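Visitor: I have a model open and would like to talk it through. Can we start once it is on screen?

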Amino acid sequence: MIDTVALAMLGGSLRVSTPFLFVSLGECLTEKAGRINLGNEGVLVLGAMVAYATSYETGNPWAGIAAAAIAGLLLGGLHGAICSLTRVNDVAMGIALMLAGTGTAFFFGKPYVQPSAPLLPGIPLGFWSDSPQLRNALNVCPLFFLGLLAAFVMHWGFRSTRMGLRIRIVGDSQDAALALGLPINRTRLFATAAGSALAGIGGAFLSLYYPGSWNEGLSSGQGLMAVALVVFARWNPINCIYASLLFGAAGALGPSLQTVGVTWGYYLFYAAPYVVTLTVLILTARGGTALRGMPGQLSIGR
Amino acid sequence: MTAIGIEAIDIGKHFGSFHALSGVSMKVAPGSVHGLLGENGAGKSTLVKCLLGYYKADTGSFLVDDREATIERPADADALGLGMVYQHFTLVPSMTVAENLVMSRRDVPAAIDWRAEKAALGEFMRGMPFKVPLDAEVGTLAAGERQKTEIVKQLYLQRRFLVLDEPTSVLTPQEATEMLGLVRDLAHSGQLTIVIITHKLKEVAAFVDEVTVLRRGRFAGAGLVKDLGAADLTAMMIGEPHAPANPERLGEPAAEIRLAVRDLRTAADGGRKGLSIAALDVKAGEIVGIAGVSGNGQKDLVEVLGGQRPIEAGEVLVDGTQYDASRAQSQARHVRVLPEEPLRNGCVPPMTVVDNLNLRAFDTANSRLWLDRSAMAARAASMIAAYGIRAPSPIVPIGVLSGGNVQRCVLAREFDGDVRLLVLANPCFGLDVKAVAETRARIMAARNQGTAVLLISEDLDEILELSDRVAVMHDGEIVHQMPAAGADPQEIGRHMLGHH
Ligand SMILES: Nc1ncnc2c1ncn2[C@@H]1O[C@H](COP(=O)(O)OP(=O)(O)OP(=O)(O)O)[C@@H](O)[C@H]1O
Ligand SMILES: [Mg+2]
């Protein structure tokens, strides 16, 4: 029975962690440039809707993913552009964007709740095994690997590309950026738009792979929790992978226990990711080290 | 690579209704070391910031190698080969020295090959007069090391014209001599032109060829250093030929121990050892000077006493009882701290000068629920007058004041009222000749009245002049203590470098 739970959790955490991974990477990218984007929750939901609708209309789920990324890019670009105006607060703007994103998605998504669109195929990494549970657990979405790739590319990029270092300078010291003559607003606009594109792909995963449908209750706040996740990951893309897997495992706990027939405490287990968020934030905030690695220009930290 | 000559003609610049510069001209010959002098707030930094494109001058023009140049952005100055080490640091704190250096270049490749870059940087560093750790995060460096990094960065960028805005305020005298010697040799070999802003007449006499002096935003004089004496320079700068004399030391320290530090340890931080101080005492009416090469734990000690750094073990006692550096305790025991980089550590930059001057006492001044704004303004006005603070108005954000005027503000606030223990980190940082003398007199007067003073300074002359006792810090420890009278600077220097 323990094996069954463990297997279900492995498969579950790979599935549940993927949207966390994309949104947290996107948020990480934006925050590295000194902006915070609370709107990624809205981007996630809109991305899910756009992906599902596009996949339904074109019959190609990959076109859905591209469309979700573009939707994210546009919404993030809007956030970035508006925040470039003086006296616009990025936190308040982010909340407005979150509501706008979900609202738009619900409005245009109504006709797509019923029809079923072509979904993304999984990669059957468990083909060598006879156990159906193992095969099921190791049926991994290609987006997961795309997310891993994105994390490594970002990690390398922040250290070894001109753009990555510029993003860090702009995010960390406005004075230094000015002295170097860097285009601060343009850099932040890019980081916000690109970050939201990633969040959009996270949304596409929700509607096109797991749970694999479009409805209004699709997101359970992954876009907001990603903000906590980035703090936990110390603004490091590689840590975002670990953090997402941890959150994914916590999120998979409830469904996994259900597979073996544990029914008591159902809602309690479903709350696990939120409990983990809280615990993680409390534990890491001890000793005053929580904000090490935090970009100096973030409005929540300044 | 050849040096550039610069001429500024009739430059004017105002902030709001305040004229920081009016009709200022300056001619800098190629391959020379040019001193830009003047009292705090005279407009020196503003003038060079206009030249570097950081500000846009309202009137006037700049000639670069006798041709008119439009400099509207830092990038324009950059393209002309003009560089500057700013008075406020402009390195990115979360990035390593190597990353900061590479990113400052104009031709950073889209993807950076760190192995090749590190090798090239190592090679470049070998030709430098002082070393900076390439892999250290800039935020973990002490002020002196950061200043060196700023200078190294400009040399790395192969500037042909370089402005140094008070470059030696945070360097030890040996480091300063070495650094200035190096840049002067570069200038005289025709590779580089230097404009140096400084308040130290000794440096002017030893390293500068020609000077331009500003006073209250106007041109006040110019000339070759070899034709001018110290008295002429002082007169041009402050309007009087001599700075006030040094204050007199009156009486002996009391027996009463005001500050006692016992077995103090702090956590290591960013690859740097923490503090480990067995015992350090300051008596009432005594000045104890802490000498040391910057980056040996002085910053940590000030932070502990100012409540900015938690202690791991040991204790800090004031008047014999535990002191936790909380606001309540600092008010009750009358402890004041002037931190390193006061704008960052002791001010709220976007708040006004009045508010910042009242930070220590606004909540004790009366028992009402609301603040007495007019009393706050009056108190600030008296400090502004007493310390000669030059600000466009008392209600501008303190962050826009000139470096020396920020320092004056914090000094005024920390010296105000009844002070029993005074912790001072580089109290004369960025002050002009006259203000240095006044500040030293105030420190001595406080001592004479029975205040205990812990003076942390990178200026050994200042320590020897003011202190009753000298303690040398090395690698987070107090390695040596001795009476200041008759102390041998050579011996102190050896201890500072860790040779005991
Ligand atoms: N951005 C700004 N806004 C308003 N006032 C300013 C600004 N920058 C400088 N000033 C004012 O202009 C005057 C000249 O400042 P500046 O920094 O040029 O002085 P300085 O000669 O460099 O003095 P110091 O020796 O203290 O560094 C000061 O009174 C300062 O308050
Ligand atoms: Mg200045």
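Visitor: How many salt bridges are there between domain 1 of chain B and domain 2 of chain B?

Guide: The count is two, a salt bridge being a side-chain nitrogen of Lys or Arg within 4 Å of a carboxyl oxygen of Asp or Glu. B:Arg146 pairs with B:Glu341 in a salt bridge, with 3.3 Å between the closest N and O atoms. This is a predicted model, where local features need pLDDT of at least 70 and side-chain atom pairs pLDDT 80 or more, while totals for chains, interfaces and linings use all residues. Residues are numbered from 1 along each chain as written, chains are lettered from A and ligands numbered from 1 in written order, and side-chain values use heavy atoms, without hydrogens and water.

Visitor: Where do the two domains of chain B run?

Guide: Domain 1 covers 6-238 and domain 2 covers 257-496; the bounds come from an automatic or database domain assignment.

Visitor: And what area do they bury between them?

Guide: About 2400 Å², 53% of it on carbon and sulfur atoms. Buried area is the accessible area (1.4 Å probe) that two parts lose on being put together, summed over both. On the domain 1 side, B:Phe18, B:Asn40 and B:Thr140 lose the most, together 22% of what that side buries.

Visitor: Switching to chain A: at what angle do α1 and α9 cross?

Guide: Roughly 170°, with the axes coming within 7 Å. The helices are DSSP runs (H or I, at least four residues). Axes are lines fitted to C-alpha atoms over the stretch in contact, with angles from 0 to 180 degrees between N-to-C directions. That crossing makes α1(A) roughly antiparallel to α9(A), the term for angles over 145 degrees.

Methods:
Helix = DSSP H or I, 4+ residues; strand = E, 2+ residues; numbered from the N terminus. Parallel < 35°, antiparallel > 145°, perpendicular 65-115°, else oblique.
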